[in-house]
Amino acid sequence: MDVLLIINIVVSFSLILGGYYMKYQAPKDKDMKMGVLIGRARLSPDIWKYANITCGKNWLVTGFIYLVLGMPVILLMYNFKGENAAKVLTLAYLIFLITNLIISTNSLIKEMNEKFDENGNPKEQEK
């Protein structure tokens, strides 16, 4: 149980730190080596900034929710239901977390396709 708890704490803080970095500190140079490394996000500085801010927000929110809500629930489960129930809940949280990140990445790609053209320029807004 201790190992799973440590993994959850590391994952939570990794999401928070990664989200902060993407949202506020993503590099603005031509190399763009750190941040959202989707090919489409590298087409222009506008789409790069949009992708990093959007993904950074999601990672920050997910990390905080996971740390603030998930960890106490796991500890309560451990105290009241035992180690096996807490392990199952911990693994379920990790699966939920991975699923959330996959869905949010696919959602980000869809949003980039809707807001930016194939050259990475913002699309004209319909009135």
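In the predicted model, Leu 69 touches Phe 64 and Tyr 93, leaving aside residues up to four places away in sequence. Leu 69 lies in helix H2. The residue is exposed, because its relative accessible area of 52% falls in the class over 50%.

Asn 52 is also placed in helix H2. Its relative accessible area is 1%. Asn 52 is therefore buried, the limit for that class being under 20%. Residues up to four places away in sequence again set aside, Asn 52 touches Met 22, Lys 23, Ala 26, Gly 35 and Val 36.

One of these partners, Met 22, belongs to helix H1. Met 22 has a relative accessible area of 6% and is buried. Between Met 22 and Asn 52 lie 30 residues of sequence separation, yet their C-alpha atoms are 5.0 Å apart in space. The contacts of Met 22, beyond residues up to four places away in sequence, are with Gly 35, Val 36, Asn 52, Ile 53, Cys 55, Gly 56 and Trp 59.

H1 comprises residues 2-25 and H2 residues 45-81. Their axes come within 7 Å and cross at roughly 155°. H1 is therefore roughly antiparallel to H2, since angles over 145 degrees fall in that class. The crossing of H1 and H2 is left-handed. Sorted by class, the contact of H1 with H2 has 19 nonpolar, eight polar and two charged residues.

H1 also packs against helix H3, which covers residues 83-115. Here the axes are 10 Å apart, and the angle is about 25°. H1 is thus roughly parallel to H3, because an angle under 35 degrees counts as such. The crossing of H1 and H3 is left-handed. On the H1 side, the contact is made by Leu 4, Ile 7, Asn 8, Val 11 and Leu 15. H3 contributes Lys 87, Thr 90, Leu 91, Leu 94, Leu 97 and Leu 101. By class, the contact of H1 with H3 has eight nonpolar, two polar and one charged residues.

The protein chain has three helices and zero strands. Their order along the sequence gives the pattern α-α-α. The C-alpha trace spans about 55 × 30 × 20 Å along its principal axes. The radius of gyration of the protein chain is 18 Å, whereas a compact globule of 127 residues would have a value near 14 Å. Of the 127 residues, 34% count as buried, among them Asn 52 and Met 22. Contacts between residues 24 or more positions apart make up 69% of those with a separation of 6 or more.

Conventions. Residues are numbered from 1 along each chain as its sequence is written. This is a predicted model: local features need pLDDT of at least 70, side-chain atom pairs count only at pLDDT 80 or more; totals for chains, interfaces and linings use all residues. Side-chain values use heavy atoms; hydrogens and water are left out. Axes are lines fitted to C-alpha atoms, for helices over the stretch in contact, and angles run from 0 to 180 degrees between N-to-C directions. Helices (H or I, at least four residues) and strands (E, at least two) are DSSP runs, numbered from the N terminus. Angles under 35 degrees count as roughly parallel, over 145 as roughly antiparallel, 65 to 115 as roughly perpendicular and the rest as oblique. A crossing is left-handed if the near helix is turned anticlockwise from the far one by less than a right angle, and right-handed if clockwise. Ala, Val, Leu, Ile, Met, Phe, Trp, Tyr, Cys and Pro count as nonpolar, Asp, Glu, Lys and Arg as charged, and the others, Gly among them, as polar. The radius of gyration is taken over C-alpha atoms; the globule rule is 2.2 Å times the number of residues to the power 0.38. Buried means under 20% relative accessible area, exposed over 50%, partly exposed in between (1.4 Å probe, protein chains only). Contact means heavy atoms within 4.5 Å.
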